[in-house]
Protein chains: 2
Amino acid sequence: MSHIPVGIRQTQKRKTRQALLDAALELLEGQSLSSLGLREVTRAVGIAPTAFYRHFRSTADLGVALVEEALGSLHEMIGTTLAATGDSDERIARTVDLIAVHVGTHAAHVRFIARERHGGVQPVRAAIGEQLDRFAEEVAVELAAHPESKGWSEDDMVMLARLYVDHMVMTASAFLDAEPGNEERVASLARRQMRLVSLGRRHWLD
Amino acid sequence: MSHIPVGIRQTQKRKTRQALLDAALELLEGQSLSSLGLREVTRAVGIAPTAFYRHFRSTADLGVALVEEALGSLHEMIGTTLAATGDSDERIARTVDLIAVHVGTHAAHVRFIARERHGGVQPVRAAIGEQLDRFAEEVAVELAAHPESKGWSEDDMVMLARLYVDHMVMTASAFLDAEPGNEERVASLARRQMRLVSLGRRHWLD
DNA sequence: CAGTTGTGTCAACAAGCGTTCACCGAAACT
DNA sequence: AGTTTCGGTGAACGCTTGTTGACACAACTG
């Protein structure tokens, strides 16, 4: 009947691999990737250190895999964010709320991206940079579809998209650092900053 | 005659301490603070590992000292930046140039701040956050002096200041990551983003 | 000049690291 | 059924790590 199993072996491998990723992500809440030890991760999972090599070449390699996982979960968000209806202020409020929710449900992922974006491991930095570029591209395409973008050059479109993306990352990281109870202050700040950018956008061609 | 020396001892200590800071800063170009070893630093300076404790309690402590050094050198810049004359576009261009120059002359400091701002060492993160807050405060005060800020609430003033400060850090880090020859692209992007923010600022009270 | 202070040294420690190799046993293939 | 494939094991390697205590010797203090 159920002929989807793809083999018990591959399933088990995926499970162990995921356990390694999960354990690493948790360990990374208190340190940077460049100080994360291979033995540390395997110990947390409960397997022998040597088994690590069956899944990743090094901790840097594991880091790159984490980038995919973390920013993959963000790609979904972008669609819903920009598809939000209503006037400008409403859309801004909804976007900020979405960021807050995402930080709540994927805190470790967000922390990892913010931390390693400028972190000490080159391949991981490169992977994050690449993903954020693609991210900005998507945003630019969505923005171009809006009627307010009439007359904008493609270069300026990307300029604005980058500003939005960087501001999103900034805001997400601010939510992370906010002590419980101060989230609304962060949200208010982020909303007003986005509103200011929106105003600039409206008068760009004056 | 020259009775300024404050003692040869204190002078020597300062020199060794500075050597430790310099060596650490250089080592940190290729890794994060949380993976920086005490022995690694002393080895680079050429002193015994135990001598480290005469100057710092731990590498985290050294990191905090580096924050003071790195952001101290930035405090000078803020004055000259905002005191820049000319119209808006001219001031923006001058600001971006100043950032580019600063990144050129203090690359390691900028890298350190960008990397450890969200890094894995809590006390250092806190120190950077505190300094950037004070930084934003200063910018807010300067902005309030401008005539364009008539009618702005203090809260909104800080909101704008934070946007500027975060954008400066973002731009500085972008200059760092730019491969040689692409600096002008980064500068152009930064200028247009600042121009857009300025536009928003002008229409904030509409 | 005698006594104190303090930066730096040396040796030693237990513990951790990444990486290697040969090996096991169950799953997958033919 | 016989063979190959492969995720996981366990021991061992050479090296690095943070921290300790006792000691040297130049710089300060009175």
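This is a predicted model: local features need pLDDT of at least 70, side-chain atom pairs count only at pLDDT 80 or more; totals for chains, interfaces and linings use all residues.

Biologist: Start with DNA strand D. Which residues come nearest?

Modeller: There are 19 residues around DNA strand D. Arg54(A), Ile8(B), Arg9(B), Arg39(B) and Arg43(B) come nearest.

Biologist: What classes do the residues of that surface fall into?

Modeller: The surface near DNA strand D has 6 nonpolar, 6 polar and 7 charged residues.

Biologist: And which helices supply at least two residues each there?

Modeller: Helix 1 (8–27) of chain A does, and so do helix 1 (8–27) and helix 2 (38–45) of chain B.

Biologist: On the DNA side, what share of the atoms within 4 Å of the protein is sugar or phosphate?

Modeller: For DNA strand D, 43%. The rest belong to bases.

Biologist: Which polar atoms sit by phosphate oxygens of DNA strand D?

Modeller: A polar backbone atom of Ile8(B) is 2.3 Å from a phosphate oxygen. For a polar backbone atom of Leu38(B), the distance is 2.8 Å. Tyr53(B) uses its side chain: an N or O atom there is 2.7 Å from a phosphate oxygen.

Biologist: Now DNA strand C. Which residues come nearest there?

Modeller: Arg9(A), Arg39(A), Thr16(B), Arg54(B) and His55(B), out of 19 residues around DNA strand C.

Biologist: What does Arg9(A) reach on DNA strand C?

Modeller: A base nitrogen. A polar side-chain atom of Arg9(A) lies 3.0 Å from it.

Biologist: Which helices supply at least two residues each near DNA strand C?

Modeller: Helix 1 and helix 2 (38–45) of chain A, together with helix 1 of chain B.

Biologist: Change of topic. At what angle do helix 1 and helix 2 of chain B cross?

Modeller: Roughly 115°, with the axes coming within 9 Å. The two helices of chain B are therefore roughly perpendicular to each other.

Biologist: Left-handed or right-handed?

Modeller: The crossing of helix 1 and helix 2 of chain B is right-handed. Helix 1 of chain B brings Ala19(B), Leu20(B), Ala23(B), Ala24(B) and Leu27(B) to the contact. Helix 2 of chain B brings Glu40(B), Val41(B), Thr42(B), Ala44(B) and Val45(B).

Biologist: How do those divide by class?

Modeller: The contact has 8 nonpolar residues, 1 polar and 1 charged.

Key: Residues are numbered from 1 along each chain as its sequence is written. Chains are lettered from A and ligands numbered from 1 in the order in which they are written. Side-chain values use heavy atoms; hydrogens and water are left out. A residue is near a molecule or strand if one of its heavy atoms lies within 4 Å of it. A polar contact is a pair of N or O atoms within 3.5 Å; within protein, one must be able to donate a hydrogen and the other to accept it, and residues adjacent in sequence count only if both atoms are side-chain atoms. Helices (H or I, at least four residues) and strands (E, at least two) are DSSP runs, numbered from the N terminus. Ala, Val, Leu, Ile, Met, Phe, Trp, Tyr, Cys and Pro count as nonpolar, Asp, Glu, Lys and Arg as charged, and the others, Gly among them, as polar. Axes are lines fitted to C-alpha atoms, for helices over the stretch in contact, and angles run from 0 to 180 degrees between N-to-C directions. Angles under 35 degrees count as roughly parallel, over 145 as roughly antiparallel, 65 to 115 as roughly perpendicular and the rest as oblique. A crossing is left-handed if the near helix is turned anticlockwise from the far one by less than a right angle, and right-handed if clockwise. Contact means heavy atoms within 4.5 Å.
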